Amino acid sequence: MSIESVLHENRVFEPSADFVKNANVSGMAAYNQLCAEAAADYEGFWAKLARELLVWNKPFTKTLNQENAPFYKWFEDGELNVSANCLDKHLNTIPNKVAIIFEGDDGATQEVTYKDLYHRVCQFANGLKKLNLNVGDRVIIYLPMGIEAVVAMQACARIGLIHSVVFGGFSAKSLNERIIDAGAKAVITSDGQFRGGKTLPLKSAVDEGIAMGGCEVIEKVVVLKKTGLEIAWNSNNIWWHDLIANVADTCEPVMVNAEHPLFLLYTSGSTGKPKGVQHSSAGYLLHAMNTMRWTFDIHENDVFWCTADVGWITGHSYVTYGPLAMGATQIIFEGIPTYPNAGRFWQMIEKHKVSIFYTAPTAIRSLIKASETTPEVAPKNYNLSSLRLLGSVGEPINPEAWMWYFEQVGGSRCPIADTFWQTETGGHVITPLPGATPLVPGSCTLPFPGIDIDVVDETGKDVPWGTGGLLVIKKPWPSMIRTIYNDPERYKTSYYPVDLGGKIYLAGDGAIRDAKTGNFTIMGRIDDVLNVSGHRLGTMEIESALVANHLVAEAAVVGKPHDVKGESVVAYVVLKGPRPEGDEAKKIVAELREWVGKEIGPIAKPDEIRFGDNLPKTRSGKIMRRLLRTLARGEEITSDISTLDNPAILEQLKEVVK
């Protein structure tokens, strides 16, 4: 595969001398040294980190087992407990340090120390023990963002249960599929949740999902009383507060094998049933901790805020496990960035003196638009001087959105960790280290030390830098997916295809490395690389070109079949101003087509541009591109859209500007 054009980005931002001086990885020489250590003795590199960062009950003697590749095992004869690594180890050193500052949708805050959190986790773990749950049993967690979600996950880990968190925006059908696939014995949920000033039900979706059938294995449903919403009550239901009444608040952690599954997290494909990504205990936690240390440069006095929901891998690694295992103080937020107004993020950073802020490009782009239309909520109106590091996660960030984030939020002084990783990788695999890596807007830059990641062609051969290809990881790493639960064959065909030799991990993304620096730029999912008249075009590069135009706040690009060209380019655009109509719309379409032609080349000009007040997004802020593809083809949407935050927008986006 060759991608003929990428946006050439000439802006480079070196880390400041002050940041380099105090960084956990200080300067490019230190980064290169770590990479050299990993290259010289790969297993030894990871074994040293595992001994340094993890508290073992039984130390490991075997580092990596490759005998049954691609079902790799790490530290397999060691034993530990993940919850003990997050909580117990802090009791003698930082018991009174604030672990979590929770801010509710209504702005009310609650602080919990490490000692408090330990007791709450232990108490809930003891409650779960009363429910006939045994080591290795699966538990579905369907809770809103909050301290209780972290408590539930940590309590499962404490007694060897395997949790599977389902995002609170998912439908009853999604729950039903996950309960059946995981064979879950219990569900932990809430009567409802608060979001954007509204009270939304949760328990009713659990009831509906179980009623769909196939969930006979469910023995108990634990319900948190949070909102006071009226709910149906079934014989196997129990209130959270009743479960923990008169229960001890200390609980010995159950030591498990390093390879014991810590959790299943289901990822939805555009077709087929969801994939239950299975992660181990030791290898997963190791990478969550080490990326906190090197990517986020975590220090003792930092206040860390990852805005992701625990229903996603980002909320697992950088809310529930990584920050706690590193003894950090973190913010947890149950609301949305635009309620009560679009200054909410900046107001919270000011209020809690956040020093490290990690959010998604989708959120950033929506807040750019809000700043244009409602200047009083722009970041410049808030005191953001506490910030020292910014992060981006979830999808590639357009260069112009990167620059806005850097200048308007970070005051041109905060490095941006533009992190590339996946549910399957467990933690960052390509990212700048803020005290070392020169930053390039739109590029996630270089591999995380110890991750052997590169770009190859369809046969698995390396392609020259400057040529696009398939993103792969050539060696196993500790936090990697272990299997797809109940479907090992799908695991092999999805991630270790025979065409690439069966032992190279296929990320599913197209990428290109800069010919001079080796920096990575992600071109989008392999199926988001369009073939237009024999030219390979990444949807991401066209989106980046559109967003670089002064009129555009946000853009999403998909392909649709074309009789002559193979595929044609369809762009969905949100302008900074109001949605245009009639002649005005035609004029802007012409301007944007010319703009893309100038930025990339005539071949990349969108054949269609559609305007909307917004793009179809899940409640976590992810653009649902599969729906945009369906609209582009002129087909009716028949798939589940219950996770969509703004379903009405679909009608708007059907309109083609003639």
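Helix α6 covers residues 147-158, and at 1.5 Å a residue its 12 residues should span 16 Å; the end C-alpha atoms are 16 Å apart, which agrees. The expected span here is 1.5 Å times one less than the number of residues, and helices (H or I, at least four residues) and strands (E, at least two) are DSSP runs, numbered from the N terminus. The model is a predicted one, in which local features need pLDDT of at least 70 and side-chain atom pairs count only at pLDDT 80 or more, while totals for chains, interfaces and linings use all residues. Residues are numbered from 1 along each chain as its sequence is written, and side-chain values use heavy atoms, with hydrogens and water left out.

Back to α6: 11 of its 12 residues are buried, where buried means under 20% relative accessible area, exposed over 50%, and partly exposed in between (1.4 Å probe, protein chains only). Among the covered residues are I147, V150, M153 and R158. Just past the helix, G160 has a positive phi of about 80°.

Zooming out, the protein has 19 helices and 30 strands. For 658 residues, a compact globule would have a radius of gyration near 26 Å, and the 24 Å found here agrees; that radius is taken over C-alpha atoms, and the globule rule is 2.2 Å times the number of residues to the power 0.38. The C-alpha atoms fill a box of roughly 70 × 60 × 50 Å along the principal axes. Some 62% of the 658 residues count as buried. Of the contacts (heavy atoms within 4.5 Å) with a separation of 6 or more, 71% join residues 24 or more positions apart.

Then there is the packing inside. A nonpolar core is a set of buried Ala, Val, Leu, Ile, Met, Phe, Trp, Tyr and Cys residues joined through side-chain atoms within 4.5 Å. The largest has 118 residues, and those touching the most other members are L117, F124, L128, I188, W240, L471 and W477. Helix α6 gives the most to this core, with 9 residues. A second, separate core of 34 residues includes I331, V354, I368 and V377. Leaving out residues up to four places away in sequence, W240 touches V151 and A152, along with F124, L143, E148, I188, V222, V223 and L224.

As for annotation, the unreviewed UniProt entry marks R195, G196, G197, K198, T314 and S533 as "binding site"; its positions follow the numbering used here, feature names are shortened, and annotations may be inferred rather than shown by experiment. R195 sits in strand β9 (residues 192-195) and is buried, at 15% relative accessible area. Beyond four places in sequence, R195 touches D105, L200, G335, I336, R619 and D645. T314 belongs to helix α11 (residues 313-325) and is buried too, with 10% relative accessibility.

The A69 to P70 peptide bond is cis, with omega near 5°, and P70 is in the loop between β1 and β2. Another cis bond runs from Y339 to P340, with omega near 0°; P340 lies in the loop between β17 and α12. N132, not a glycine, has a positive phi near 60° and is partly exposed at 47% relative accessibility. N486 is not a glycine either, yet its phi is positive at about 65°, and at 55% relative accessibility N486 counts as exposed.
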